[in-house]
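This report covers selected residues and helices of one protein model. Please have the sequence and the 3D view at hand.

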Amino acid sequence: MTGLCNLDAVLDIAVIGAGFAGLHMLDRLREHGFSCHAYESATGVGGTWFWNRYPGARCDVESLDYSYLHDRELYATWQWSERFATQPEILRYAEHFAHRRGLWPHITTGTTITGAAFADGAWTLTTDTDERVRARFVVTAVGCMSAVNTPAIPGLARFGGTVLRTSRWPAEPVELAGRRVGVVGTGSSGIQVVPELAKTAAELVVFQRTANFSVPARNRPLTQAERDAAVAGYEQRVENARTTRFGHPVTGTGRAALETDPAGRTAEFDKGWARGGTHIVATFTDTGRDLTANAVLADYFRDRVREAVHDPETARALTPTGYPIGTKRLCVDDDYYETFNLPHVRLVDLRDDPIQEVTETGIRTTRSDHELDVLVLATGFDAFTGALTRMGITGRDGQLLADTWRDGPRSYLGLAMAGFPNLFTLTGPGSTMVLSNVMRAIEHHVEWVRDLLVYAREHDITEIEAIESAQDDWVAKVADLAGKTLYPHTDSYYLGANIEGKARVFAPFAGGLDAYRRICDGVANEGYRGFRTA
Ligand code: NA7
């Protein structure tokens with residue numbers, strides 16, 4: 001790893017973050033001869049896959065889709081071992097890419113950007129190591145889910161045992177044998193970590209605020225025949241990235257649930273349940289937009305929970321109610337529900353029995369004291385905006401991004417902001433983000449920003465900034481699309497509802513990656529319509 005670059009020099013481009021987006025951006029910029037460098041808080045590359053190394057951490061997108069496509073040789077040679085890859089394997093993949101493309105010397109790890117200010121046509125970045133970096137352009141690649149949410153549970157600091165966060169899990173092994181472990185949070189991370197912790201902990205207590213919908217992964221090793229078929233189908237996969245809503249095809253019946261008889265519906269859902277993974281939600285065309293149709297799918301899931309969990313009271317508490325399925329991120333699990341049949345695993349339903357405080361020895365709820373040695377927080381993130389607003393980004397006329405976004409994020413295409421020239425945000429709020437395969441979104445954004453920077457160089461453009469009115473139109477479009485979905489029915493991180501005091505604004509572009517890509521192409525083809533250049 002290198003140290004910081006020569007501080008008297010002004011880089012063409014500074015990249016913030018060395019996860020999948022930052023690595024790919026850095027590589028593309030280097031290919032085009034820009035002077036560029038990436039800065040990364042972690043002591044290695046991989047972003048979310050560096051940090052979220054809790055037992056059971058896996059991608060909920062299938063490995064053959066959660067791969068870079070822009071590097072054809074890599075796609076043909078990397079051998080994913082399982083249908084849904086584990087965190088260590090995905091991290092190895094990121095590290096391998098960095099080696100393969102010679103990126104390591106151009107990345108400073110273990111360095112957090114704590115401030116970014118635009119003045120006199122360039123950005124000055126400050127770091128937690130008291131360094132300064134100057135760059136004409138900045139590209140943020142900080143991820144959608146990287147700013148950790150630590151809940152304001154009274155007494156948390158007083159706990160005498162070990163506190164672990166799924167989002168900052170230690171690299172060294174954690175000894176849990178014989179210990180009493182509590183897990184707070186039952187989103188994707190909680191649902192993945194619980195079955196693994198149950199294998200070693202003496203007692204496991206799961207504190208659930210909201211029961212989530214979860215579908216079995218049906219994970220298994222990939223066969224060589226499957227890998228070969230993926231390589232043979234590479235061109236089609238690239239085409240799918242351009243032409244499908246999620247960046248990969250999702251197979252359904254093409255029919256509406258409400259126009260299918262109940263036995264036919266159940267038969268189709270059974271197929272989806274047996275197949276595993278999230279495809280089941282696309283079985284019918286209407287469950288994502290019609291509440292009655294959605295309830296049919298939700299009821300199917302609820303029946304599966306009641307089937308899997310032996311104790312009726314625990315089954316009742318684990319059964320999600322009160323919001324449409326799919327409006328919070330659908331979880332993908334390995335034996336999550338079955339874990340609650342084990343004698344040493346207990347569920348505490350915080351809706352009935354809320355947390356009062358954390359004590360020195362455990363968690364006190366209204367009805368009981370739960371004695372614990374280890375407390376695991378699987379409490380999520382200040383999603384989409386947190387990593388950007390916490391960075392101290394100051395644009396034109398000293399305006400702080402955190403203030404500008406106080407009433408919700410405002411961007412043009414999710415990629416740029418009025419008042420913040422020469423700054424581009426990969427997977428920023430207002431892009432498709434987690435509503436598409438994020439690998440496909442990353443690849444789109446990286447190529448698009450690369451093209452824009454090449455265009456700027458070719459046209460001697462030194463400043464480029466989103467125009468306020470174009471941004472207003474984009475913000476209105478994102479809101480309009482969200483309003484046509486069921487998402488606003490539910491408190492979720494999509495809306496910022498998981499963070500106290502955060503503006504409730506649906507941040508992702510819900511129109512699909514294919515439509516989003518067409519719009520971005522149109523903007524570029526019209527000489528970057530909606531941008532002011534100088
Ligand atoms: P999520 O999906 O935001 O889940 C966080 C969980 O933590 C969720 O069950 C929350 O309950 C719970 N939570 C948060 N604060 C509290 C407090 N104060 N008390 C009790 N429970 C709390 O984060 P994940 O890390 O699981 O997943 C994030 C993404 O990573 C996921 O969507 C995938 O894309 C990968 P709530 O539902 O808010 O009631």
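## Asn-294

Leaving aside residues up to four places away in sequence, Asn-294 touches Thr-287, Pro-324, Ile-325 and Leu-486, where contact means heavy atoms within 4.5 Å. The model is predicted, so local features need pLDDT of at least 70 and side-chain atom pairs count only at pLDDT 80 or more, while totals for chains, interfaces and linings use all residues. Residues are numbered from 1 along each chain as its sequence is written, and side-chain values use heavy atoms, with hydrogens and water left out.

Asn-294 sits in helix α9 (residues 291-308); helices (H or I, at least four residues) and strands (E, at least two) are DSSP runs, numbered from the N terminus. Asn-294 counts as buried because its relative accessibility is 2%. Buried means under 20% relative accessible area, exposed over 50%, and partly exposed in between (1.4 Å probe, protein chains only). The side chain of Asn-294 reaches the backbone oxygen of Thr-287 at 2.9 Å.

## Glu-313

Glu-313 belongs to helix α10 (residues 312-318). With a relative accessible area of 45%, Glu-313 is partly exposed. Its side chain makes a polar contact with the side chain of Arg-316 at 2.7 Å. A polar contact is a pair of N or O atoms within 3.5 Å; within protein, one must be able to donate a hydrogen and the other to accept it, and residues adjacent in sequence count only if both atoms are side-chain atoms.

## Ala-38

Ala-38 is part of strand β2 (residues 36-39) and is buried, at 1% relative accessibility. Not counting residues up to four places away in sequence, Ala-38 touches Val-15, Gly-17, Leu-26, His-106, Ile-107 and Thr-108.

## Helices α1 and α14

Helix α1 (residues 20-31) packs against helix α14 (residues 438-458) at an angle of about 30°, with the axes 9 Å apart. Axes are lines fitted to C-alpha atoms, for helices over the stretch in contact, and angles run from 0 to 180 degrees between N-to-C directions. α1 and α14 are therefore roughly parallel to each other, the term for angles under 35 degrees. The contact includes Phe-20, His-24 and Arg-28 of α1, and Ile-442, Glu-443 and Arg-450 of α14.

## Helix α5

Helix α5 (residues 188-198) is largely enclosed by the rest of the structure, because nine of its eleven residues are buried. Among the buried residues of α5 are Gly-190, Val-193, Pro-195 and Leu-197.

Terms used
Parallel < 35°, antiparallel > 145°, perpendicular 65-115°, else oblique.
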